[in-house]
Amino acid sequence: MKTAAYVGVSGQEKTAKVKKTRTIPPWLKGFVVPIIMLALWQYAGSAGLISETVLPTPLAILASFYELAVSGELADNMKISIARAAGGFLLGGGLGLLFGILVGFSRKTESYLDPSLQMLRTVPHLSVTPLFILWFGFDELSKVLLIALGAFFPIYINTFLGIRSVDAKLFDVARVLEFGWHHQITRLILPAALPNILLGVRLSLGIAWLGLVVAELMGSSAGVGYMIMDARQFSQTEKVFVGIIIFAVVGKLTDSFVRLLERKLLKWRSSFQGTN
Amino acid sequence: MSVLIRVEEKAFGIADKRTVVLDDIHLDINDGEFLTIIGPSGCGKSTLLKIAAGLDTEYTGSVNIHGREVKKPGISQGFIFQEHRLFPWLTVEQNIAADLNLRDPDVKAKVQELIDIVRLTGNEKAYPVELSGGMSQRVAIARALLREPEVLLLDEPFGALDAFTRKHLQDVLIDIRQQKKITMILVTHDIDESIYLGTQLAILRAKPGRLQRWLPIELPFPRNRTDTSFQYLRQKVLEEFEKTEHSAYTEGAGI
Ligand SMILES: Nc1ncnc2c1ncn2[C@@H]1O[C@H](COP(=O)(O)OP(=O)(O)OP(=O)(O)O)[C@@H](O)[C@H]1O
Ligand SMILES: [Mg+2]
């Protein structure tokens, strides 16, 4: 092997190197099982052991993905889905942040609002889907509202918690330094609550995405969910798979994005970890 | 007299749970003096300092600074807590500036001057997690000094630090007092520290907290702990301590 040449000339060292190249690096080990599974799956499908309408082969799914991507169908549907999720998330998350701040800041608003909100929270938000369809039809409105409803609570609760958990000792400091109310908010309360708020954002995004899937599967004329339901009608199972994978990947990407945001905004928590 | 502290009585709790913590304590401190307060644990030193800062207003008596009555906390009574209490999300220079705008060249220049005084040059952009305890406490001192307080109140500011860092910060304080001529009141349980820093020393006794003894310290700066005059004063303070019934508390005296 050419790469082994730099190790040295002695025969002993050479055998050591050869042995080393045979061991698999740890990060690769995680891929072993999926790759074997995919290979078996592909084999079983190609050999005709499994019906294609039940389980299309990985290559068929890949081909379907390519086709959808080239035709622009995938991009169009994704645009619509993402717009819905973003709209619902911004509406619900924004209100959650607003109410979280209001209730967090004042015990008075807390005693008026929090009990009702906590009561509403016990309703699993997807269970109101039929009600929303009755009220708002199969329109965009019912979808966006369903997503917003789910996105509201995690941000609300975490913002509220974050504000309430600000160290009372730092409030004393703010008093000694004569902070005005607006510095008290921008220099003390919001930064202190930010870790919680960002956690709320992450949870909310996850729920918004789930709401989107349910809303689109319930009935829609565009979007990734529609694409899935449409493909199901025509037994295009590989297209269904593409849709599911898209949901998974976009969900994961938004989560990673918020994590990145966390690392940037909260670098004061452990700046030793970053290299800056 | 620049700082007048009159506490007729300070008590915690109500009815039969009520305990008097401070009883008839009068302290008059001239401009530029460095008063150190020493006393057994639980005798009410922190309570007294909080009253002076305006952080505690539930007592009978009054606090006056240059004729102005102190009714709430504020920047003219700078306060250094036992723990540094920095804002973890602000860098060193942002912590010192706090609610002031660092983009103002005037503020920026003053912040930089203080960073140099507390010997933190080069650490302007560091976050508190990256600082040692002693560095953090220096940032807290700079933060208070930026507001040009009339009096600086320090509650066992170096209690949690190792002996070497403590000595260094004591010298920083002496430097600052000579440069800025700020009146300082420092609470400590370390007899050496009280003599090393103070121009005046108040010894409190416990249950209820009363002024046991007021002692001027007329040693010139810089002081040397091994001088005979230093040792003589130390002996005197120890004797005062033994007169209080809580002589067991002298183990905090260091060495
Ligand atoms: N918020 C409070 N409520 C009730 N009692 C209190 C409160 N704060 C302090 N005390 C009591 O007042 C007394 C004096 O407390 P203080 O903290 O002033 O003591 P200290 O002299 O600073 O002690 P140390 O040297 O241990 O810091 C103590 O007996 C304490 O139990
Ligand atoms: Mg104390």
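Which atom of ligand 1 does a polar side-chain atom of Ser41(B) lie 2.6 Å from? Select both and you'll see: an oxygen atom of ligand 1.

Before moving on, some housekeeping. This is a predicted model, where local features need pLDDT of at least 70, side-chain atom pairs count only at pLDDT 80 or more, and totals for chains, interfaces and linings use all residues. Residues are numbered from 1 along each chain as its sequence is written, chains are lettered from A and ligands numbered from 1 in the order in which they are written, and side-chain values use heavy atoms, leaving out hydrogens and water.

**Around ligand 1**

Stay with the ligand and pick Thr47(B): an N or O atom in its side chain is 2.5 Å from a ligand oxygen. Now try Gly44(B), where a backbone N or O atom lies 2.9 Å from an oxygen of ligand 1. Next, show the whole shell (residues with a heavy atom within 4 Å); among its members are Phe12(B), Val21(B), Lys45(B) and Glu156(B). Colour helix H1 of chain B, residues 45-53, and you have the element that gives the most to this shell, with three residues. Helices here are DSSP runs (H or I, at least four residues), numbered from the N terminus.

**Where the chains meet**

Select chains A and B together. The contact (heavy atoms within 4.5 Å) takes 19 residues from chain A and 22 from chain B. Zoom in on Asp172(A) and Arg85(B), whose side chains form a salt bridge at 4.0 Å, N to O. That term means a side-chain nitrogen of Lys or Arg within 4 Å of a carboxyl oxygen of Asp or Glu. Between the two chains, the count is two salt bridges.

Key
A polar contact is a pair of N or O atoms within 3.5 Å; within protein, one must be able to donate a hydrogen and the other to accept it, and residues adjacent in sequence count only if both atoms are side-chain atoms. Helices (H or I, at least four residues) and strands (E, at least two) are DSSP runs, numbered from the N terminus.
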